Amino acid sequence: MQMKNIVILISGTGSNMAAITQVAQRERWGELHGARVAAVISNRPHAKGLEWARAQGLATDVVDHKLFGSRELFDAALAEAIDRHHPALVVLAGFMRILTPGFVQRYQGRLLNIHPSLLPAFPGLHTHQRALEAGCKVAGATVHQVTAELDFGPILEQAAVPVLPGDTADALAARVLVQEHQIYPRAIAQLLTAL
Ligand code: GRF
């Protein structure tokens, strides 16, 4: 049987990547879904999450966006690195690059993202600060299929958290992140059953 390979793309800490990998092990996605985290790829050579992934024995790769003259060239190199692992799913987990429509189309239906807001509210950056400034009483996170439009596309999972009096953007981000670690593995597991 062909394994369903999951390729995770990160740019930084990689706590969502770690959460997904740990749930995959704990829930035995290999036996349950015939799936595994096959590789972790970063656009930043020194992304902290790479160290964790290496320590787990996961295959890792770096495609440094700074070495490419255009988004198209970067995305082509990134796709090449991803395709080496024959992915069933490509999972963006704190991957901080805007992807070209061609890249998105290549992985249509099997490209997921997590965004730290209750989409369609607050696409883009600084979501927690913007939620605080807007006086939101709830905030949250969204797992969605990626389409050509930034932080858009069919919603797979959401979780809400309260905004508390005196919250800072960091405090709110930390509360949301706990939920991200719950909903991202759940959304992926759900999708794997349909693949
Ligand atoms: C998460 O809040 C994610 O939603 C956002 O960036 C953060 C990445 O965190 N896009 P990590 O690298 O998964 O720890």
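How do the residues of the shell around the ligand divide into nonpolar, polar and charged? They comprise three nonpolar, five polar and one charged, where Ala, Val, Leu, Ile, Met, Phe, Trp, Tyr, Cys and Pro count as nonpolar, Asp, Glu, Lys and Arg as charged, and the others, Gly among them, as polar. The model is predicted, with pLDDT of at least 70 needed for local features and 80 or more for side-chain atom pairs, while totals for chains, interfaces and linings use all residues. Residues are numbered from 1 along each chain as its sequence is written, and side-chain values use heavy atoms, without hydrogens and water.

Surrounding the ligand are Thr-13, Gly-14, Ser-15, Asn-16, Gly-94, Ile-114, Pro-116, Leu-177 and Glu-180, each having a heavy atom within 4 Å of it. Ser-15 places a polar side-chain atom 2.5 Å from an oxygen atom of the ligand. For Gly-14, a backbone N or O atom lies 2.8 Å from a ligand oxygen, and for Asn-16 a polar backbone atom is 2.9 Å from an oxygen atom of the ligand. Of the 370 Å² of accessible area that the ligand has on its own, the protein covers 81% (Shrake-Rupley method, 1.4 Å probe).

Now to the space around it. The ligand sits in the largest pocket, meaning that more than half of its atoms lie within 2 Å of the pocket's grid points. A pocket is an open set of points on a 1 Å grid over the protein atoms alone, where a 1.4 Å probe fits, with protein on both sides within 12 Å along at least five of seven lines; lining residues have an atom within 4 Å of a point. About 920 Å³ of space lies in this largest pocket, as filled by probe spheres set on the points, which are joined across faces, edges and corners. Its lining has 35 residues, of which Gly-94, Phe-95, Met-96, Ile-114 and Pro-116 are the closest to the centre. The lining divides into 15 nonpolar, 15 polar and five charged residues.

Two backbone details complete the picture. The peptide bond from Leu-119 to Pro-120 is cis, with omega near 10°. His-86, although not a glycine, has a positive phi of about 45°.

Notes. Polar contact = N/O pair within 3.5 Å; in protein donor to acceptor, adjacent residues only side chain to side chain.
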